[in-house]
Amino acid sequence: VWSAVDPLGADFDQENHIPQSDIENNVANCKSAYIANVLNGAHWVLLTSYKGNGEFYVNDPGFSTTTYEYSGMGKIVQYDRNSTI
């Protein structure tokens with residue numbers, strides 16, 4: 001499932017609890033894309049930017065929620081650009 005974005009030029013990098021500071025920097029610099037598990041493992045969202053104070057703006061396909069706190073995220077999947085982009 002995680003390789004479904006390969007045709008878009010993104011490579012699966014890792015799936016774990018990535019440090020908040022790494023995500024803040026990479027999202028701000030468009031270096032990586034992150035999909036975070038939220039709501040105690042029941043839902044996934046795309047992190048779009050860092051709001052501050054531990055909160056990230058998200059694209060949430062299932063709810064009208066626009067932000068989630070880092071502390072409420074479980075697994076986080078990181079995708080990096082590959083050389084074809």
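Because the model is predicted, local features need pLDDT of at least 70 and side-chain atom pairs count only at pLDDT 80 or more, whereas totals for chains, interfaces and linings use all residues. Residues are numbered from 1 along each chain as its sequence is written, and side-chain values use heavy atoms, with hydrogens and water left out.

The protein contains 1 helix and 6 strands, where helices (H or I, at least four residues) and strands (E, at least two) are DSSP runs numbered from the N terminus. Read from the N terminus on, the order of the elements is β-α-β-β-β-β-β. Of the 85 residues in the protein, 33% are buried; a residue is termed buried under 20% relative accessible area, exposed over 50%, and partly exposed in between (1.4 Å probe, protein chains only). The accessible surface comes to about 5,100 Å², and carbon and sulfur atoms hold 49% of this area. Accessible areas come from the Shrake-Rupley method with a 1.4 Å probe, and for residues only the protein chains shown count as cover. Among contacts (heavy atoms within 4.5 Å) with a separation of 6 or more, 56% join residues 24 or more positions apart.

Several strands are paired, a term that requires at least two bridges found by DSSP between two strands. Strands β2 and β3 run antiparallel and are joined by 5 bridges, with Val38 opposite His43 in β3. The hairpin of these strands has 4 residues between β2 and β3, and Leu39 in this hairpin takes a positive phi near 55 degrees. Strand β3 also pairs with β4 in the antiparallel sense, over 5 bridges, and here Tyr50 stands opposite Phe56 in β4. The hairpin of β3 and β4 has 2 residues between the strands, and Asn53 in the turn has a positive phi of about 50 degrees. Asn53, in the loop between β3 and β4, is exposed because its relative accessibility is 80%. The C-alpha atoms of Asn53 and Glu69 are 8.4 Å apart in space, while the two residues are 16 residues apart in sequence.

Phe56 stands opposite Tyr68 in β5. In a regular strand, the side chains alternate between the two faces of the sheet.

Nonpolar side chains tend to be buried together in soluble globular proteins. A nonpolar core is defined as a set of buried Ala, Val, Leu, Ile, Met, Phe, Trp, Tyr and Cys residues joined through side-chain atoms within 4.5 Å. The largest such core in the model has 14 residues, and those with the most contacts inside it are Ile23, Tyr34, Val45, Leu47, Met73 and Ile76. Two or more residues of this core are given by each of α1 (20-28), β2 (32-38), β3 (43-52) and β4 (55-59). The most is given by β2, with 3 residues. When neighbours within four places in sequence are left aside, Leu47 is in contact with Ile23, Tyr34, Ala36, Phe56, Tyr57, Val58 and Met73.

Asn26 is located in helix α1 and is buried because its relative accessible area is 17%. Beyond residues up to four places away in sequence, Asn26 touches Lys31, Ser32, Tyr34 and Gln78. Thr67 belongs to strand β5 (residues 67-69) and counts as buried because its relative accessibility is 17%. With neighbours within four places in sequence set aside, Thr67 is in contact with Lys51, Glu55, Phe56, Tyr57 and Val58. The side chains of Thr67 and Glu55 are joined by a polar contact of 2.9 Å. A polar contact is a pair of N or O atoms within 3.5 Å; within protein, one atom must be able to donate a hydrogen and the other to accept it, and residues adjacent in sequence count only if both atoms are side-chain atoms.

Glu55 also takes part in a salt bridge with Lys51, in which the closest N and O atoms are 3.9 Å apart. A salt bridge is a side-chain nitrogen of Lys or Arg within 4 Å of a carboxyl oxygen of Asp or Glu. The whole structure holds 1 salt bridge. Lys51 is partly exposed because its relative accessible area is 44%.
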